[in-house]
Amino acid sequence: MQWETFESQDALADRAAHVLLQAIRENPRIVLGLPTGRTPMGMYQRVVRECSREYHRFGDAVSFNLDEYVGIPREHPASYWTYMRSHLFDHVDIRGENAHVPDGMHPDPDAYEREIQAAGGLELTFLGLGRNGHIGFNEPGTPIDSRTRIVALTPSTRHANADFFPDGQVPTHAITMGIGTILESRRIVLLAAGAGKEQAIARLRSGEVTEEFPASALWKHEDVVVLAIGTGAVDLQRRSQPTLP
């Protein structure tokens, strides 16, 4: 696992956007795994700004979002489909048929898995880090070999996302890529930033692999970069990959 630390959210977002855009330059037909939430917003803003100068970037790219709330339509203001349109899809030249987000009203985990495989599998996947270590909506206790499925959201996750639902009707379930699905991506970039994430970042740095901290499964992957908020410049030290006890 490779770590890069930054002193600000802006610097982290700049780096994340550079990684994404460089990957598209190297492979215009790349298959991306994309996240939502607060942390990736800066990355998307910079990608959109850069694409306004060099528009034809996403024309042949394919994307699969990590997750979606179950029980709300795509048009819901807090759906991840709406999020992706607002922050990325409506501002770049990605084709509609190539931009995949699970359907919260008719979730079909098996079909979503098949679509990813039919596209050739994920090449580069971006993740956010939850305070309890969740990646996607894979909460503590999720098996490392889990696949795309419907999950119940923990009270802490629902509370963290409550601001997006002013009416207080925060969904209780979501469809999410499983940890096993994510680990099949050829490359993974984890964005580790945000208020209250310090303990989660420190726990991930420890290298302990446990199902009670889902992000720790990333130690089992051969090509992971963690972009984290912290002091110092850049730490490129690689650590050995521990195994499950």
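Two strands are taken as paired if DSSP finds at least two bridges between them. The model is predicted.

**Exercise 1.** Determine which strands pair with E6, and in which direction they run.

Solution. 
1. Strand E6 covers residues 124-128.
2. Strand E9, residues 187-192, is joined to E6 by 5 bridges, and the two run parallel.

**Exercise 2.** Decide whether E6 is enclosed or open, and find which elements the buried residues of helix H2 pack against.

Solution. 
1. Of the 5 residues of E6, 4 are buried, so the strand is largely enclosed by the rest of the structure.
2. Helix H2 spans residues 41-51, and its buried residues are Gly42, Met43, Tyr44, Arg46, Val47, Val48 and Cys51.
3. These buried residues pack against E6, E2 and E9, and also against helices H1 (9-26) and H3 (80-87).

**Exercise 3.** Classify Thr176 as buried or exposed, and list what Thr176 touches.

Solution. 
1. Thr176 belongs to strand E8, residues 173-176.
2. Buried means under 20% relative accessible area. Thr176 has 0% relative accessibility and therefore counts as buried.
3. Leaving out residues up to four places away in sequence, Thr176 touches Leu66, Asp67, Gly136, Phe137, Asn138, Arg147, Thr148, Arg149 and Val151.

Methods:
Residues are numbered from 1 along each chain as its sequence is written. This is a predicted model: local features need pLDDT of at least 70, side-chain atom pairs count only at pLDDT 80 or more; totals for chains, interfaces and linings use all residues. Side-chain values use heavy atoms; hydrogens and water are left out. Buried means under 20% relative accessible area, exposed over 50%, partly exposed in between (1.4 Å probe, protein chains only). Contact means heavy atoms within 4.5 Å.
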